[in-house]
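Subject: Structure handover

Dear colleague,

I am passing the structure below on to you, together with a short account of what was found in it. Please read the notes with the structure open beside them.

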Amino acid sequence: MARAALRSAAWAERWFPDAWVFAALGVILIAAMVLAFGATPTATVNAFGDGFWSLIPFTMQMAFVVIGGYVVASAPIVARFIDALARIPRTGRGAICFVGLISMLASLLSWGFSLVFGGLLVRSLAKRTELRMDYRAAGAAAYLGLGAVWAMGLSSSAAQLQANPKSMPPGLLAITGVLPFGQTIFLWQSIVLTAVLIAVSLLICWLTAPSDTQARTAEDFAIAETTPSTLPPRSRPGEWLEYSPALSILIGLLGLGWLGYEFASKPVVTAIANLNTYNFLFLTIGLLLHWRPRSFLNAVTRAVPSTTGVLIQFPLYGGIAALLTHAPGADGATVAHRLSGLFVHIASTGSFPLVMGAYSAILGFFVPSGGGKWLVEAPYVMQAANDLHVHLGWAVQVYNAAEALPNLINPFWMLPLLGVLGLKARDVVGFTFMQLMVHVPLVLGLLWLLGLTLQYVAPVAPT
């Protein structure tokens, strides 16, 4: 498996395009498909143009995931904690597995935190010159939180939506009713699936890690040192407020006050799952940990270049999503509904997890947005689950587990992590592809097998 991973990595480094090129090819492919089904050129170009900016709020949120993570992690006390964790592994292969474990456990709490923290842990491990750790394999391990189990945890967009009736569109609420966490991510079947995925993912990390003689370290990629430098002495009177903690304290108190109200008025899980709250929390803590505004601003300056890929690529995915869902063909049906109709038609009660899992994974490769894609899929997927008498909570988990599969090789979600690591998607996708080859049959098989242990329960309306 290690030789296969190296061959896969070598192929990806030679043939895998830049993430932006990959997204651009996706736009062209979906546009051609839309036109082939009878959509007019006007409808096609309008869908692409209207969708191009549709992910701007999400784009900024993702950019701030990177910025907030950098700001907090570069604070002296947090950087020391990451460095302490980085001293634990004794071998390069062990370090790769350690990164994978931390990444997956962190993603069960928050996928955004998992991306940034995992990346910074890899950077800290890379400073250990005596550790022959393959930088590419470690980067792939840091990505496992997003590629394996994130949607099975507390930040699952679909599970969060289904548990909060006020957040659901009325049409979806009528179909599914309210599905609390006990019917989705806290099912014993879900916990078993998650545990198996973590164990198998770590085993693949171990088996595919290059040997010391074949490892390519951070030095081979000319990764620049990111350790923050000490603030130089103040050189002019105008810098007084930049070096005084007064502004940091006052802004921090305002931020903590709002966060206190937010967490007091909502369940903790609901509050932290909101990306705006998550980013606000990290920025507020980062400001206070840096203490002086100049130190905080220096950290932001170092972080911003890492967001380049996010800013330039996400609009293309907005265009792809709109082409799939808002460009009707000659009979008025969109490509997304054609695909759903095909899979729902061939599914039965027993095969529903396999059929819908495969469908969700395929669509997720073109529309890599867990929450947004669920709003597109849920009405017809959950209606099919009702018609076929499939456990509704398990239908959500089928979506969650299968939706993560294309993340393993889709550059969309890799961008924040790649920005932290200073790598390209082609550097890590050879290793994540090996994970995908094992995860696809494992996930679909477990979804089918565990689904047999559940009985259908009719939708429960909110009280």
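A patch, as the word is used here, is made of residues with over 30% relative accessible area and no salt bridge, and nonpolar side chains are joined into one within 5 Å. Please bear in mind throughout that this is a predicted model.

On the surface, a nonpolar patch is formed by Trp-20, Val-21, Leu-25, Ile-28 and Ile-312, which together have about 490 Å² of accessible area. Helix 2, spanning residues 19-36, gives the most to this patch, with four residues. Val-21 is found in helix 2, and Val-21 is partly exposed because its relative accessible area of 36% falls between the limits of 20% and 50%.

Finally, Leu-288 lies in helix 16, which covers residues 275-290, and is partly exposed, with a relative accessible area of 25%. Leaving aside neighbours within four places in sequence, Leu-288 is in contact with Ser-248, Ile-249, Gly-252 and Leu-256, whereas the C-alpha atoms of Leu-288 and Trp-374, 86 residues apart along the chain, are separated by 37 Å.

With best regards

Definitions and conventions: Residues numbered from 1 in each chain as written. Predicted model: local features only at pLDDT ≥ 70, side-chain atom pairs only at ≥ 80, totals over all residues. Heavy atoms only, no water. Helix = DSSP H or I, 4+ residues; strand = E, 2+ residues; numbered from the N terminus. Buried < 20%, exposed > 50% of the residue type's maximum accessible area, 1.4 Å probe, protein only. Contact = heavy atoms within 4.5 Å. Patch = residues over 30% accessible without salt bridge, like charges linked within 9 Å, V, L, I, M, F, W, Y side chains within 5 Å. Areas by Shrake-Rupley, 256 points an atom, 1.4 Å probe, with all protein chains shown as cover. Salt bridge = Lys/Arg side-chain N within 4 Å of Asp/Glu carboxyl O.
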